[in-house]
Amino acid sequence: MNPPDLADPLFNVPPEVLVDPVPFVALCGLDVIHNATHRLIWDAFASNRSSERLPVSYRDIPADHEFPVSKVKKSYEYGTVPNGILKSNWIKKHLYEVPSLVVLFVDLEWDDPAFAEKKIACSSKVATIRASLAGRNSKIALVLIQSRPHTFAQGEPSPDAEKITGMCNACELAFKQLFLLPNNENLAAYVVRLETALFDTIQGYYLNEAKRVRGHRDAVMRMQSQNLPLLVRHQFKMGYFNEFRQDRQTALKHYQQAYQNLQQIRQDGGFEVKTVAMIIVYRICRLSFRLNCPVDAITSFRKHLDIFRTYKGPPELAYQHEAWLFRQNFLFAILFEDAIRSGLAAIPSENPGMYYTKAANHMKLRQQTCLSFPPPQIPFQPAPPVDGEFYGQLILSVPSSSGDMPVSIYLQNCERAVNHTSWMIHLLGSAVSQFKKHRCARTALMLFSRIGDEYCDIGLYDKAQVLYSQGLNEYRKSKWSVIFSQLLLRQIKISALMPNVSEFIKSTLEAIGAGSFLQFEDRTELQETLLQILSGNRPDFRSLLGSQSQIAYQKWGALTPENISCSLDMDPLLSCIEHECAFDRSAFEISQMVSITVKLTLTTPLPMQMSELQVTLSNPAYNGYCCIKDGTAPANTPENRLYLVPNEEKLYQFQFPAVPEDVGKHIDITKLILKFGSLPITLRLVWSNFGKINRTYQAFCNGQSFKVLNDDAVSSLQSVDIERRPALAVVQLPPSALILVGETYRISFSIVNKEQAVIRKPVVGITCDDPAVAGKIVFGLPGSEEFVSECSSTLPDLSPDSTYEFSFLIRCSAGFKTSVRIFLSYDLTDPFYRCLVQGVTPLESTNPLQIRLLSKEFNSEEHPSEKHVIPPGSDMVYLIVIKNASPVKITLGGVELKMNDSVLTSVVPIESHIAGLQLLEEEEAQEAYFLHVDESCTPGSSVLMGPLILTWNRTDSDQNPALTYIPVPDMLIKASPSPLKVFLDLPASVTQFEPLGLVYRIHNCSDQLLDIHAFLSTNDEYVLAGEKEARVRLGPRMETSLHSSIIPINVGYMRLPEFEINSTADIDCREWIDSHIPKTIFVMPKDFSNENCLINPLPAGMTA
């Protein structure tokens, strides 16, 4: 198996060996072109086969198809040795030519009028097929395609049994070889069922073939001298027939036995034995992977290589042994990769890339052997050999005019036609992809350079350069200096041959530096070559390229100065010039000179002369200050500052004044540029990344000196801040501020000019930088109604030592803690500076008032609540409780309650008594409204209320009062609990032993006449006198009274008589009585010191 564009005739495995054997079935009698039904049947068999279908290969053949003629089997009973081991056409014949079953399709209905004639034609076709298969054990099946099949119950005899029997007799077929295929909408499902029924016949054919071959093997084994080639052949055939049956375990055992028999055939380097061994081991490894036994496959393959490694053959054909080893590793790598693709998990130490690499190694040895051949001496182009009758027996196409030519010479010239380099590139590329997939990055990196070497051998220097560049990047990052230096030298050579000027100079600059592990002499020669290029002379590559130097000399001579001049990005390289470019400080004031220091150290063997040193900044206006150009001073003199001496640090300093526009900005070093050479040839080296500076140090171990690249890089200042001149003016702020939500707060501060000159254009502003309070705090100027998130104002010029008072207004809409920033910017002249001073003061905003809204019925004994549920037609008290929740003294201005005048009316208009009232912390004030609810209100409805408008201010504030709008909950109208209402008026307290009159007023609120029975229950806490019970008839909207009196006996809270009332209308007014009639009253003690006390002392002998 070869890639499409690569040819190799040696040990090339035939394509039929590389596939899994699948039973071959021939379909006959289908006209797939003109008959739509036949086309559907063929598609159902051969097309769109899912993985659930049985493994069968179908082929459509005509009725007169001629199958391979069966040959008469030779008898080896008398020790006749066969001509070979495995015939080259046997596998292909049983895969694609000899069917296990021939299925004949015939359109025939049971009720066809011409059934007899068609039966005769059908038997004739079967006879033709049987004659073509003479000598074969292939089976025949007959399928009748019927559009009107007869259906009958299970167990019921078929009405067409006689015709079925007649058809089987006419065609000489068994009853189980005749099938019916209904032609309806379920044709595809019937085809699958037919395939399942036919599969048993197919399996039986291959089982019988395996048994037949086993009989031949047993006959050979009974011979006195066993015929080993026949034993190998028979074992292989039995294994292959069992693969047809999908019995992989049995097939594997037969292949292993065939391999053991093959080892006993001793042929020193025999081409045929190696070829057959390759085929058998391929089947063994393929089955082991299919059976999910990868360890067995790897073990079998390694043992196979160990056994045949010594079968080298004659020395003049030694390349064939390397070709065989290459082919073994290549085939196993493909098998391994297919197994991984099918779900096998590989590990980094055992993956297909290892075998691709071994195959490339053997191909390299094969190439080296081929290069040692003597020059060709044949007058024609030899054709590659092909397999003969048996695998491994080659047929050579030698013209008759060539005379007696040795076979080895012919084969050697055939080997010269193989493109070994392309093969190695393909193999190494496959290995790289596998190593990358299995996370073997370093191994893949090593193969990059090998692929590059192969590209160099065939002159594809551009592709080699790309691969070398990838390897250099990785080795540069990993700091593998030895390998890096060797690969760098290869890059220099191919860059000289291309020629690629920029890549040659770039690689040379790395190779001649201290990080290179090249010899000092090699570094010196490379630097001399570089200096020749910069001086305009044609470079001499004799020490570098050897015999190829003349080609490079001519190519470089054709280059113009414009082609040689180049600009190189030095950031990714390990340059021979150690550099440091940084600002001296992290920040400079606008009044100071900005300074930059550049340090250069040359690590090459020879000194170098620069022509220009340039530092570019983010603001191009400063670039003119940071440049040094070559003068006319001689080399290595103090006047020549651009002459670099090896291992000697050169120091350069630049200074420039910052412009006012850069105040508050960053100035960055963007590039460091070094120029070498003079016009027309110049070399421009550019560094733009100064984050880290690597330094090379000398290390010693056992007396040996080593160059070490320091990992502890030095950080440098590549950015500088241009700061304002420090402001001497002072903004004196309050230590803190407490603001009440909703008020207008004045924050005052003073500005003191401590400058020596007049402050021009001063601007003062205030802002809050806290994003959490954005939109919740605004600022304004005194006398202005506009409030914004950032406020500023221009002040008059301030003379030295003067003070200016100023203030801002602040409003907050929520409670929070934050800080505000007040800033002052101003200008100074002579010289001109813009200064900024700012200060921060903490600020706390709090809600000053807590409002509670309470309501109750006017005559109800319940406490005021926040539920606001009132029956229609009742009077109510609406209370507004205002509490000062801040530590600031507050002055109330007034309260206004908005309400629905059509539903609620004021019973007793009362003027607000809290206006001007001052509240300290935690103090409360109440405002009361006496309202009447209209009787027309529907129970269950709600009455819109509010808002409540409260006017207040800080007591010592000079700003306008704050208006707080407080939402008021709606009032819910509830149904009246009872048409009877009972009222009792009592004083706040009574005195012990003094009578208390009780008057219970009973009011009929309904429109009907009611007979009521009212009575009082007593207890031992008082003496009851007067009416205890009353029966009265009460008319609609009328009122009556029950008069009684009690004399309290005890002191303290006393329970009043329980009032109960019954009505003939079955009215329950208990809820009204419980909520409106008092339950207790407080009894004050009697003052007995009063001389007018009416209570006489107890008689003698009596006690209380």
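This is a short tour of the predicted model above, stop by stop, for use with a viewer.

Before you start, note that residues are numbered from 1 along each chain as its sequence is written. Because this is a predicted model, local features need pLDDT of at least 70 and side-chain atom pairs count only at pLDDT 80 or more, while totals for chains, interfaces and linings use all residues, and side-chain values use heavy atoms, with hydrogens and water left out.

**The whole chain**

Begin with a cartoon view of the protein chain, which has 22 helices and 53 strands; these are DSSP runs numbered from the N terminus, helices being H or I of at least four residues and strands E of at least two. Of its 1104 residues, 46% are buried (under 20% relative accessible area; exposed is over 50% and partly exposed in between, with a 1.4 Å probe and protein chains only). The accessible surface is about 55100 Å², and carbon and sulfur atoms account for 51% of that (Shrake-Rupley method, 1.4 Å probe; for residues, only the protein chains shown count as cover). Contacts (heavy atoms within 4.5 Å) between residues at least 6 apart in sequence join residues at least 24 apart in 73% of cases.

**Salt bridges**

Next, show the charged side chains: the structure holds 37 salt bridges (a side-chain nitrogen of Lys or Arg within 4 Å of a carboxyl oxygen of Asp or Glu).

Select Glu 195 and Arg 53, whose closest N and O atoms are 3.0 Å apart in a salt bridge. This pair links parts of the chain 142 residues apart: Glu 195 belongs to helix H5 (residues 187-221), and Arg 53 to the loop between helix H1 (36-46) and strand S2 (57-61). Are the two partners buried or exposed? Glu 195 counts as buried because its relative accessibility is 2%, and Arg 53 is buried too, at 16%.

Move on to Glu 755 and Arg 725, another salt bridge, with closest N and O atoms 3.2 Å apart. Glu 755 sits in the loop between strands S25 (745-752) and S26 (760-767), and Arg 725 in the loop between strands S22 (719-723) and S23 (730-732), 30 residues apart. Both Glu 755 and Arg 725 are buried.

For a contrast in setting, pick Lys 898 and Glu 896, paired at 2.7 Å. Lys 898 is partly exposed at 34% relative accessibility, and Glu 896 is partly exposed at 38%. Then select Asp 20, Glu 243, Arg 283, Arg 286 and Arg 290, which salt bridges with shared partners join into one network.

**Helix H10**

Zoom in on residues 318-341. The 24 residues of H10 should span 34 Å at 1.5 Å a residue, and the end C-alpha atoms are 35 Å apart, which agrees (the expected span is 1.5 Å times one less than the number of residues). Buried residues make up 21 of the 24 in H10. Just after the helix, look for Gly 343, with a positive phi of about 125 degrees.

**Around Ser 595**

Last, select Ser 595 in strand S11 (residues 593-602). Ser 595 is buried, at 10% relative accessible area. What does Ser 595 touch, not counting residues up to four places away in sequence? Its neighbors are Phe 583, Asp 584, Phe 588, Phe 654 and Gln 655. With Asp 584, the side chain of Ser 595 makes a polar contact of 2.6 Å (N or O atoms within 3.5 Å; within protein, one must be able to donate a hydrogen and the other to accept it, and residues adjacent in sequence count only if both atoms are side-chain atoms).
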